[in-house]
Amino acid sequence: MSDKLILALPSKGRLMEQCADALAKAGLVVTKTGAARGYKGEIEGLADVEVNFVSASEIAQFLKTGAAHLGITGEDLVREAIPDCEQRVTFLAPCGFGRADVVTAVPACWIDVRRMSDLEEMALTYRRVHGRRVRVATKYLNLTRRFFTQKGVTGYRIVESLGATEGAPAAGLSELVVDITTTGATLRANGLKVLEDGVILRSQANLISSKTARWSPALRALERQIAARLTA
Amino acid sequence: MTAETAQKFEALEAQARRLMAVFRAAGYEHVAPSIIQPAGLFLDVVGESLRARTYVFTDPDGEELCLRPDLTVPTCRLHLERHADGNVPARYCYNGSAFRFQPGGVTHAHPREFRQAGIESFAAADREEADASVLALIVGALREAGLAELQLRIGDLGLFTALLDALAMPERWRRRLRHQFWRPEAFRAELARLTSSEALQVQGLPRAIADRLDPGNPLEAQGLVEAYLDQTGVELIGTRTSAEIAERLIAEAADARETPLAPDKAALIESYTAVRAPAREAAARLAALTRPHKVDLAAPLAAFSRRLDLLQAAGVDTANAAFSAEFGRNLEYYTGFVFELVAPQLGARSPVAGGGRYDSLLANVGAPGDVPAVGSCIHTERLLAMLEGRAT
């Protein structure tokens, strides 16, 4: 077992760029190293930190299992991947980028459905008329279930959607969606509206610490140092 | 979890043989429905709460399948394969694996892979008789296996339905209250809403529509919806029609004009759900509760008492049975009599057997209409643990 602090960072896309920028601004310059070029890295001046570049959703898995001590990724991905996430990780600091709201959105033409409670009642009628449950397209299975249960909505069924979720209702693949949105423009363009009390999570990228990783006092000191620089 | 030992396997097999012999001797046909089930149909029937605990996967053809989380729905499907309209009397028994994700972690009482031995009785016309004979057979099978000391807990959703039917209110209110019965908080909130004329007002709807909605004229309402969408440039997308949207708006408008539920009637419904009594005293208790409100539950209470008599006659000890009006199962598909057999060593969270009546399940699985159905199953690992004295 290495006694280095493993820091998991997004390996691609906009989140990777924003992460690199934020770290650089905090005086933490990340460089890629090694034979597995592109997937390992180090931070200048912090010899005991090993950087792993993995996909944003895998970072949640790394933190969950303790394969990484620290990670930067979206709060939505962590809450989705780790049902008991308060037991497994600590959210150290929001990063101020990667903002996205996870919301419940229905066709804008449903002028009879404005709140989550309307949704439950509508689901009851829908099943009577159509002979099946209302379908919710989403990649957030766990967040959706937890939120709908909390709101007393039960008469639905999730259909897993891994891309272009917002198009599912118009395509007849689902009746509504749980999806991420930043400005709401994509939802509107697809004829959808967010329910009044349908915001599940206001998410952004976070510096997150794993409770299941193997920690030593020295690694904890490093963690404090990184967190302090990022939040300075 | 580690692989099951050969010894435990043998013990479970031997126990299953004893249970199945009892079921077969009573005229139940031994069936073995598929372990792998189509996820779509299954999950549409059982809902998301059980789906969260179901192992779902996609096969190389892209078909969504699941490992059955219980054997009741697969047995319904098997019955419908034989009789498409479902309404042919049949009695089945089974013993087989079911699979459930255990959110609290895997334990002896809550394994993720377990065997259910159970029975299902379809299309029996005399409901109380069928309820009683299913429960009596399960009790008999448990006795045959060697377990006698069990606490019987019962409930009856039919009584709740009858109570709502006896109170004056729109049918859609009854439907909502029945639907929310399983969720005490949402149920109380709905009840409070129905007693408040303020809460019943339509909120957040454009005035152009709200003021002109006539509950007696659905066609006009549909026209209003379409005109409004047209004016505001909102496209009608998805599988719901403007008629369905109008139907719900009409219901909202009708609610706003409805006389709210009288507070004493709401209180009666609340106090009904709180009734807990020895089963033998429950009927008298419920009659006393409803009499001052001039609510007549004579027929459903007579059926309730008759069922108890039939149970007693079939050798089930009803003197120590406990009735709870709120007693429900997590599975929403139950519609009438429900029961659980609890062992003190395992506690109420881990019943040894349970079951009940689910008259709309066959329709949900594909039958053209409701079919009387009642069934029950034994959690065989728990039973074995009890018999071997391992349960703590």
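Start where the two chains touch. In helix 5 of chain A, Met122(A), Thr125(A) and Val129(A) meet Glu244(B), Glu247(B) and Arg248(B) in helix 11 of chain B. By class, these contact residues are 2 nonpolar, 1 polar and 3 charged. Here Ala, Val, Leu, Ile, Met, Phe, Trp, Tyr, Cys and Pro count as nonpolar, Asp, Glu, Lys and Arg as charged, and the others, Gly among them, as polar. Two residues are in contact if their C-beta atoms, placed from the backbone, lie within 7 Å. Helices (H or I, at least four residues) and strands (E, at least two) are DSSP runs, numbered from the N terminus.

This is a predicted model: local features need pLDDT of at least 70, side-chain atom pairs count only at pLDDT 80 or more, and totals for chains, interfaces and linings use all residues. Residues are numbered from 1 along each chain as its sequence is written, while chains are lettered from A and ligands numbered from 1 in the order in which they are written.

Two packed helices are described by the angle between their axes and the distance between the axes. The axes of helix 5 (residues 116–130) of chain A and helix 11 (residues 242–257) of chain B come within 11 Å. They cross at roughly 135°. Axes are lines fitted to C-alpha atoms, for helices over the stretch in contact, and angles run from 0 to 180 degrees between N-to-C directions. Helix 5 of chain A and helix 11 of chain B are therefore oblique to each other. Angles under 35 degrees count as roughly parallel, over 145 as roughly antiparallel, 65 to 115 as roughly perpendicular and the rest as oblique. The crossing of these two helices is right-handed. A crossing is left-handed if the near helix is turned anticlockwise from the far one by less than a right angle, and right-handed if clockwise.

Now take in the whole contact. Chain A puts in 25 residues and chain B 29. On the side of chain B, the elements giving two or more residues include helix 2 (39–46), helix 7 (171–180) and helix 10 (218–232). Helix 11 of chain B gives the most, with 6 residues. That side has 12 nonpolar, 6 polar and 11 charged residues.

Turn to the sheets of chain A. One is an open sheet of 7 strands with the order 2-3-4-1-5-12-6 and mixed pairing. Two strands pair if DSSP finds at least two bridges between them. The edge strands are strand 2 (30–33) and strand 6 (89–94) of chain A, each pairing on one side only. From one strand to the next, the twist averages 35°. Inside this sheet, strand 3 (residues 40–43) and strand 4 (residues 46–54) of chain A pair in the antiparallel sense over 4 bridges. Lys40(A) stands opposite Asn52(A) in strand 4. Helix 8 (residues 217–231) of chain A packs on the sheet, and its direction makes about 30° with that of strand 6. Helix 2 (residues 56–65) of chain A runs at about 140° to strand 5 (70–74).

The other open sheet described here has 5 strands in the order 9-8-10-7-11 (chain A), again with mixed pairing. Strand 9 and strand 11 (192–203) of chain A are the edges. The twist averages 25° from one strand to the next. Strand 8 (residues 134–138) and strand 9 (residues 156–160) of chain A run parallel, joined by 5 bridges. Between them the chain passes through helix 6 (residues 141–150) of chain A, in a right-handed β-α-β crossover. A crossover is right-handed if, with the strands pointing away from the viewer, the path from the first strand over the helix to the second runs clockwise. Which residue stands opposite Thr138(A) in strand 9 of chain A? Glu160(A) does. In strand 10 of chain A, the bridge partner of Thr138(A) is Val178(A).

Finish in chain B. The axes of helix 7 and helix 8 (residues 184–194) of chain B come within 8 Å and cross at roughly 160°. Helix 7 and helix 8 of chain B are therefore roughly antiparallel to each other. Their crossing is left-handed. Among the residues that meet there are Trp173(B) and Leu177(B) from helix 7 and Phe187(B) and Leu194(B) from helix 8.
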